[in-house]
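Biologist: Please show me how to read a few features of a model, starting from the whole chain and ending at single residues.

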Amino acid sequence: QRSSNCTHLVWGIGAGSDILLARASTFIFCFQLPEALLQERDKRAKWHGIPVLLQELYESSHLNSDFTRTHTVLKELSSLLSMEAMSFVTEDRKTAQESTFPNTYTFDLFGGVDLLVELLMRPTLTTLQKPKMNDDLVKDCLSVLYNCCICTEGVTKILASRDDFVLFLFTLMTNKKTFLQTATLIEDILGVKKEMIQLEWIPNLSGLVQSFDQQQLANFCRILSVTISEPDVGNDDKHTLLAKNAQQKRNTSPSRAEVNQVTLLNIPGFIERLCKLATRKVSEATGTSNFLQELEEWYTWLDNTLVLDALMQIATDEAEHSSTESSDESTLATIPLRHRLPQSMKIVHEIMYKVEVLYVLCVLLMGRQRNQVHKMLAEFRLIPGLNNLFDKLIWRKYTTSNHVVHGQNENCDCSPEISFKIQFLRLLQSFSDHHENKYLLLNAQELNELSAISLKANIPEVEALVNTDRSLVCDGKKGLLTRLLTIMKREPPDSSFRFWQARAVESFLRGATSYADQMFLLKRGLLEHILFCIIDSGCKSRDVLQSYFDLLGELMKFNIDAFKRFNKYVNTEEKFQVFLTQINSSLVDSNMLVRCIVLSLDRFEMVEVLSECCLLSYMARVENRLSFLFRLVNIINVQTLTQENVSCLNTSLVILMLARRRGKLPFYLNALREKEYAEKYPGCLLNNFHNLLRFWQHHYLNKDKDSTCLENSSCIPFSFWKETVSVLLGEDRTSPCAIIGYIDEPYMELDRDLLED
């Protein structure tokens, strides 16, 4: 019966039969098919002899085989598959669904993938195999498996489902000769694995990592990035705060990504080695005018860092085996690749390493062990090291500014240099955000300047500044923050770099407002640069404008000098109207600036100040504050709240808290009611706001970090936030400060509990 099934399989393929055949059955009987039958069918199906070769591979790899014939056959098979893999990589990186790869498909259909897995894992299953497979054969097995993964749909998922095979692959990384092929395959497999692997499952992980040289460690970071990042759910609905809160209720224990982060931090010397990798220098050639063009041409066919490593490895091997070198142009082809490799390739090689390392450090900085990571990054002088690389590598002078604009997705398929710059800026943002180590971005002279600003203003120095270890700050004439400001001003208006640059600078200002920090940046023309971008540059990117509004808010908050500078730049009614149009075009993007203006206006309380700034005068008019309040409440609801737009809810709360302080809360609530009736939607606005505030209680009263951020950014005690929300949600309809009192009973929807589930 098995023989009959085999015959049906062979004659059915290519004649309309179902291609979804059982892999296990195929592996069992494909190697038992009569060779004559395979050869006959091969002519019609155009299998290029692959089934016959697989039979020979199977028969030549028995327990007592020396694998000589096995390797020869595998090389022949590899040549049939490699061209398809290369076309997949080079032809616009088409997905397997968009292209067909008949040779790779045939190889997998007749059990080739399963046979290679069995061959590789045989040493773990039996001690009878003699002799063992040599390194070259192992490398070719891994390469063929990788080719199958990228060309044949489903192979990667099948391999990923086998935990025993995945963990076995990590053991192959101890051998430097097979490291690159192993790392390439592991990365591809982990990218589709349904359940994230736990690093602690890897046998002797600490010893494995410590055995890596710096080149291997950098490539290992590419694998680690998959294991320490929270998986992207790929569904916008699941990114809502409502869904995230529900998920946190269900999953109270740390995620696998968080567990893996702890595992890495427990490896002795791991962070120190990453810091050395991130900050090591690379020699650069001089006199080459078309470096950027070279980089882009080479990158079109280099799939990833590991492919580039293979190229470098070949160059090194060629040099080691060449005893003579020729300088004759006619024999150029015989010159070792190492001597023909463009210098720019060596630069991009280092850049691609650093992208992976910076990504891992960035993820660790945003994790639960943030303070531990911060301490180590400071101790190992990451920031001074990056500062020393800034001009020569990170932002080289010849790099043009007219790159293709990419969005804020760090996973976009962009050139190595663009990826490097974005990853560098994301690291600075994570490093500075709400942490006292942010002052390490300055040099000693700049720290003295901050002290002098505080002294002149007769205000105490910030404690974090006083406590900064000056042996760990930046060297040279400029600190990293100042260098960042310099290149920020050179970027084109819609460059995506502007988004990340603004985020990095804003993170330096976030937290408790520091007058000295603001003045340090104001003296360097940052406010005028931001206003030029918003008003005069014609910038259309919403991402860039949002980042600039947020930065402007932090720069101006409670700072009367900043508002005076604003008035000096926005010196015509036309400019002011352009500015207001930009704000009003998307309140989700600009509401943090609106919050800053409202808070600052409340702080100043002086009539003479209003006359000095058109922006303050505008916000001082109650009808304008009410207009912002109406729209802020109207553009969000509980079901659509995300981390991006929840700030609109908090800004509306700030407006009402300040009104409550002045005894004007009933006036504002009544204005909301009148607005509803004017728009002929009675109850709509206030019911929505009531639900939003109930969610606010549910969300913030269980999250210490968020409550601290609210308090620091507004200088309003969190107790007053909670108290105001409780007053607004009061159940007494006679209370002048309870929302319920302003909703007529026929329009009440308060019995709906949107926070369930």
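The dialogue below goes from the chain as a whole to two residues.

Modeller: This is a predicted model, in which local features need pLDDT of at least 70, side-chain atom pairs count only at pLDDT 80 or more, and totals for chains, interfaces and linings use all residues. Residues are numbered from 1 along each chain as its sequence is written, and side-chain values use heavy atoms, with hydrogens and water left out.

Biologist: How many helices and strands does the protein chain have?

Modeller: Helices (H or I, at least four residues) and strands (E, at least two) are DSSP runs, numbered from the N terminus. The protein chain has 40 helices and zero strands.

Biologist: What percentage of the residues in the protein chain is buried?

Modeller: Buried means under 20% relative accessible area, exposed over 50%, and partly exposed in between, with a 1.4 Å probe and protein chains only. Of the 757 residues in the protein chain, 53% are buried.

Biologist: Is Q582 buried or exposed, and which residues does Q582 touch?

Modeller: Q582, in helix α31 (residues 573–585), has a relative accessible area of 15%, so it is buried. A contact means heavy atoms within 4.5 Å. Leaving out residues up to four places away in sequence, Q582 touches I534, C539, R542, L545 and F549. L545 is 37 residues from Q582 along the chain, and their C-alpha atoms are 8.4 Å apart.

Biologist: Where does T263 lie, and what does T263 touch?

Modeller: T263 belongs to helix α15 (residues 256–265). Its relative accessible area is 15%, therefore T263 is buried. Not counting residues up to four places away in sequence, T263 touches L199, E200 and L205.
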